[in-house]
Amino acid sequence: MIIDNTKPHIDKAHLHQLLKQMLRIRRFEEKCAQLYTQEKIRGFLHLYIGEEAIAVGVMKSLTKDDAVLATFREHGHALARGLEMNKVMAEMYGKVTGSSRGRGGSMHIFDSDLRFYGGNAIVAGALPLAVGLALADKMQNKQNVTVCFFGEGAVAEGEFHESLNLAKLWQLPILFVCENNGYAMGTALEISESEQHIYKKAQSYGLDVRQVNGMNVVDVESVAKHYCDAIRQGAGPCLLECTTYRFRGHSMFDTQLYRSADDVKKWKDKGPIVKLKNWLQANNELSPHELQQIESDVAKEVDSAVAFAEQSAFEDESDLCLGVYTEGKI
Amino acid sequence: MNTDIQNNDNKTTETLTYREAMRLAIQESMVADERVFLVGEDVGNYGGCYAVSKGLSEQFGPQRIIDAPLSEAGFVGAGVGAAIGGMRPIVEVMTVNFSLLALDQIVNNAATLRHMSGGQLSIPLVIRMATGAGKQLAAQHSHSFENWYAHVPGIKVLAPATVADARYMLSMALADPDPVVIFEHVMLYNNSEPMPTTDDCADMHKAQVRKTGSQISLITYGGSLGKTLEAAAILEQQGICAEVIDLRCLRPLDTATVFASVNKTKRVLVVDEGWRTGSLAGEICALVAEHCFWSLDAPPKRQCSIEVPIPYPRHLEQAVLPKVEQIVESAMELVTNGQAMS
């Protein structure tokens, strides 16, 4: 891991914090996978395991007034944005104490106070929303950044192209973050895109673009910070392509016929958590005791989130039709 | 726009076209609330495909009258996002056929985000679009898909059929905290009417009795109101007193007004420019059958469009659409049969 002078101030405490954030997401989702097999969590469950560095790295540069949009694989983004783990876990359970009162589930986590606007399960469906949120900020002379995460599968959708064009045309304060994990569900990038360098597509719309190793949290943080600063100063929309890999299947139903176990192992060996941990240990910046402390803090948080979700109630069926219109306010 | 001074009490009666009324409504809303802006294809420099926004760009500038590229999903979705972000967008889509390119944003985002987020988000968005046949624009510019939108919980659907409604429904839609889709029938734009002197237009959710009657309820909306009123006048000459209901709001439906009328007249004919199968007319007939069955003297009936894509030649286009003579004939049949039954 190379740390140069243009990067944000990196010290031991900061790196420990990054590691802890990534571990919170990893352990939370490992628990979710386990709960899924116990049928506590149902529906689709898309795990972010392997990609944690991106949400954690990008989110570090945001203020509380910035807006965030993500996909159906958004547990990590929600936790990194600062949603309470209890609320996110309760949402996975479909309980009324969940971040969306259980109405959304795994794919639709929202928190309007944190300007976390989902949780969108239509591939590329959030990109036009990001354009609108950024347009609203610009029209109201606010200095906010809108960050929109999406996978490389979204690039094949028309809404990706329409949104990038609109964002540049209107010079909007948006950071598009493409999490390129190589597969749109089971379809490899090679068989879905004629031009496989995603940043080049964005470049053709006039966006400032950068490709970064999405397995290196420090690199992601550094480039995201550079872009967020620039966008706040009026640079217009930018796109950050993060190369990454998901270690688990697309969802819990995925038998992964489209890739080899060898490939998965190769990527796991250079995963974001192991990478940071190894670097810290090699430089004597992470003692066994410190690691144990982080792991035990995270385990405690996950356990209490599960207990919270277990103890929470389901929403009363008589409230079913509330929240469709404002008149039927929940 | 003509303004005639009617008397000395400072009361004026303006005679406006539907197009001018809609323009005035947009203009007033933009003056009253700086969060309101208009975005759509050719709304600025061109003045709007149907000239509704003509002159507004000069008044408000390109920052608030925004010409969008041909990206329906993109700019409709941007409207949804801007509404969440605190603005009050009016999005113009050229025709209902083009709105299908934005259906994802309307149905999957605008209609769902409030509920899916557990009630956290509000989407005060207005989407206006032209609808309907009559201008020989063939099978990709002439359809009526109001029922598709009226099927979706989470949005509201309006069909202003009169110039007064064109004048006053927009500001009600903008004041509504939820997404509202407004359908403007292309054959209405040149209609002109004197405006009421006050803005006490009925609430946008309410159906209106446009002609009172006692023997049959003719229920309609949007571009079919004129034909239905014309049919009612002919029926009147033939001694049949028909009541005409203008639905105005297609979701949520004002069923109370519909049921009150049908319970009084005991017969119902629904006139709807949509195709018959799965039509709004079918929904109204089903509701009437469920709620007014024991009042009925005749089976509910529908006058809808023939189920073909709209053809180009005038005679064939007109052959598709509900016609005044058909409405008269169907109404007479219902009244006559009903009398035979009772």
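Helices, of at least four residues, and strands, of at least two, are DSSP runs numbered from the N terminus. On that basis, B:Gln136 falls in the loop between strand S6 (126-131) and helix H7 (146-150) of chain B. The model is predicted. In that prediction B:Gln136 is not a glycine, yet its phi is positive, about 55 degrees. B:Gln136 has 15 other C-beta atoms within 10 Å, so this residue is partly exposed.

Most residues other than glycine have a negative phi. A:Ala124, also a residue other than glycine, has a positive phi, near 75 degrees. The residue sits in the loop between S3 and H5 of chain A. A residue is buried if 20 or more other C-beta atoms lie within 10 Å of its own. A:Ala124 has 25 C-beta neighbours inside 10 Å and therefore counts as buried.

Two peptide bonds also call for comment. Most peptide bonds are trans. The bond that joins A:Gly118 and A:Gly119 is cis, with omega about 20 degrees. A:Gly119 belongs to strand S3 of chain A, which covers residues 116-119. In chain B, a cis peptide bond links B:Arg251 to B:Pro252. Here omega is about -5 degrees. B:Pro252 lies in a loop of chain B, with strand S13 (249-251) on one side and helix H10 (255-265) on the other.

The two chains touch. Chain A brings 34 residues to the contact, and chain B brings 32 residues. On the side of chain A that touches chain B, helix H5 (127-139) and helix H6 (158-169) each supply at least two residues. H5(A) gives the most to that side, with 10 residues. By residue type, the side of chain A that touches chain B divides into 16 nonpolar, 12 polar and 6 charged residues.

Confidence was examined for the whole model and for chain B. The model scores ipTM 0.95 and pTM 0.95. Chain B has an average pLDDT of 94. In chain B, 94% of the residues score at least 70. Residues 1-11 of chain B stay under 50 in pLDDT. For this stretch the model has 13 contacts beyond four places in sequence.

Methods: Residues are numbered from 1 along each chain as its sequence is written. Chains are lettered from A and ligands numbered from 1 in the order in which they are written. This is a predicted model: local features need pLDDT of at least 70, side-chain atom pairs count only at pLDDT 80 or more; totals for chains, interfaces and linings use all residues. Two residues are in contact if their C-beta atoms, placed from the backbone, lie within 7 Å. Ala, Val, Leu, Ile, Met, Phe, Trp, Tyr, Cys and Pro count as nonpolar, Asp, Glu, Lys and Arg as charged, and the others, Gly among them, as polar. A residue is buried if 20 or more other C-beta atoms lie within 10 Å of its own, exposed if 12 or fewer, and partly exposed in between; C-beta atoms are placed from the backbone. pLDDT is the predictor's confidence in each residue, from 0 to 100.
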